[in-house]
Amino acid sequence: MLWSFFTPALYGFMFRFHVDSSANKHVVQPDAMHRDHEKSADHRNHFLQWKSLENRLKNSQCIDDKLQKAILLEKDRWRHILRIILDAILFCTKNNLAFRGSSTTVGNKHSGIFLNLIELLSKYDNILKQHLVNHNKGAISYISPKIQNEFICLLGQTVRNKILSKIKKAKYFSLLFDCTPDVSHNEQMAEVIRYVDIDNGKITVEESFIDFINTEEKTGDGLAMEILTKLKADELDVQNVRGQGYDNRANMSGKYHGVQAVILNKNNLATFIPCAAHCLNLSGVHAASANVKVQFFFDVIQKIYTFFVKSTTRWKILMDTLKISLKGHSDTRWASKAQAVKAMNSQIKEVFKVLQNISDSELNLETKSTAKNLLQLINFDFLCLLNIWNQILSSIDRVNQALQNKSLSLEKASNLLLGLKNGLQEIRDTTMEDNFTNATKVAEELQISTTLKESRTKKRKRLELYETDDDVINISAEKNFRITIIDSIDILLTQMTWRYEKIMEISNDFEFLSGHSLTNMNSHDLQKAAADLGLKYNEDINTAEIVEEIKDFKHAALLILPSIESVTFLDLLQMIHVYKLKESYPNIEIAIRIFLSMPVTTASCERSFSKLKLIKTYLRSTMAQERLSSMAILSIETEIANKLDYEDVIDKFADTKARKISL
């Protein structure tokens, strides 16, 4: 028996013995007996003996000192081994690597990445090396597949708990959910939460991955119930949700039975904001599909790409000439069209010459015939469309890339979209002549006719009442081309206007708090806008207080931030916390946090799907859901995973069940 384990019991025994020995003298009241006991010589002697023993234990002066040291050394040895194992597990998860092979023996060539990594580390660590050398079958090793899963799930849950604690501290948050099938044909729903994180005065807007949810639901009601159940399991209050961000599918964004409608019924402040990137994609798809000429233009680009990519010989001939490769495109990823058109526009002369060389070469007849047909498709109409669509798609792609930034606020998003609309309007009104000029230069270099193709005029059947043949409006080819481009851009602008109504509406609600408004708006207008916002968010903001706060906040912000007109909402929130103004302007601070927590896109969900495809592959298609979610959160939230305290993880690991080894 170890003295250190029985110190409290020893003192209790001494105390009971002393009481029992003096109990036969006389019976007294408990309080009086306690006072008499404290004054007794036995109590003082026993107390001194107890303190002396405690002091000897601390100074390692007991008879079991060597045994205690041996126990501590063994404990430190096992903790050292577990820290290495945790490092190896975290390395594999962060790099989306498969753990196991067909063998569970260290040193076997089929043992897999994890055991091979452990073997490699043992070459540079004598404690781990000795552990592997002395390991016998059936002995404790903590490197078995079962223990690996325990550690993966424990690490994943630790990271998840840290994120959830940040969300609860932030209070206000937004929901981002999206679905995709995995390699084993299960529907996986990604859960991402957007919130404002305030840590030691540093403020950041975070979109943190929480989980993958295996769902079989397809309806909006069913998906909403699963989302609400998951929020309850995560101990997140749905009443603190201030925004919802989904794609434009009917079961997610439906007005009556979509997920957003069900959650909105639970919390009328959970405003639904359609994904800005998806809306931009759909606007482009509609604009491109509205005109036959535009559809045919994109088909030609895809045909040229397919012609080269289907043959290694043709691709090599192309790559020997081009500086960059051609790109394919699809309707589901509008950015791919921008890349395809940009690559074709910058290298159209080289592509044309390669097709000419192939058509005159000694390759097979089918290849030469296809090359000649593609050459005929590269006419003046194609060159004009190539030039104008390169301008349109480049503008769209730049905004699309900016919208995918997870820290982007609705204020910046609305400004980007407004700038895009103005840019497209300028292309529509002023750049048409430059487009014809540039296309003409390229056509002359390639010796292509610079005449636009005339559209075939529909002939109408004459009736007897018609006295003349002048019943058809003749439009020139150039004017018809202009109408085609203007029509496509108008459709694009119209689509963007109604698809981004919600973003513009929310941005306008909070606009009075921006640096530009604080600089240019008078106090009366600021107070009116503050009152409107207070009435809308009356559960979070005191209307009377924010009206009074905004009047003083305007002058304070102008004094603290000289260039306030260009500052962002995040800068204003940072200013409030740096200068300790939260107590003075609590409602303004809350309003800014709510606005920054509003979602812009579901790009974070899409990025988690990329990790899903790297983790759950064809060779790992039977991976359990808990392991999948844990590996995903460790791979996605690497910044938090890298800061984990292994000592806490080992303590939790030791507490999960009785262990043969003291950890």
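**Aromatic rings**

I began with Tyr 142, which counts as buried because its relative accessibility is 7%, under the 20% cut-off; I keep in mind that the model is predicted. I then looked up Phe 653, and at 1% relative accessibility this residue counts as buried too.

Next I asked how many aromatic pairs there are by the ring-centre rule, and the count came to 17. In the pair of Tyr 142 and Phe 653, the ring centres are 5.6 Å apart and the planes stand at 80 degrees, so I noted the pair as edge-to-face, the angle being over 60 degrees. This pair links distant parts of the chain, since Tyr 142 is in the loop between helix H6 (126-133) and helix H7 (145-170), while Phe 653 is in helix H30 (residues 646-656), 511 residues apart.

I turned to Phe 436 and Phe 481, whose ring centres lie 5.5 Å apart with planes at 55 degrees, so this pair is tilted. Phe 436 belongs to helix H19 (residues 432-445) and Phe 481 to helix H20 (residues 477-499), and the pair links parts of the chain 45 residues apart. I found both Phe 436 and Phe 481 buried.

Returning to Tyr 142 and Phe 653, I noted that they form one aromatic cluster together with Trp 78 and Phe 151.

**Charges over rings**

I looked up Arg 314 and found its charged end over the ring of Phe 307, 4.5 Å from the ring centre. For Arg 627, I noted a position over the face of Phe 99, at 5.1 Å from the ring centre.

Terms used. Residues numbered from 1 in each chain as written. Predicted model: local features only at pLDDT ≥ 70, side-chain atom pairs only at ≥ 80, totals over all residues. Heavy atoms only, no water. Phe/Tyr/Trp six-rings, centres within 6.5 Å; stacked < 30°, edge-to-face > 60°. Helix = DSSP H or I, 4+ residues; strand = E, 2+ residues; numbered from the N terminus. Buried < 20%, exposed > 50% of the residue type's maximum accessible area, 1.4 Å probe, protein only. Lys NZ or Arg CZ within 6 Å of the ring centre and 35° of its normal.
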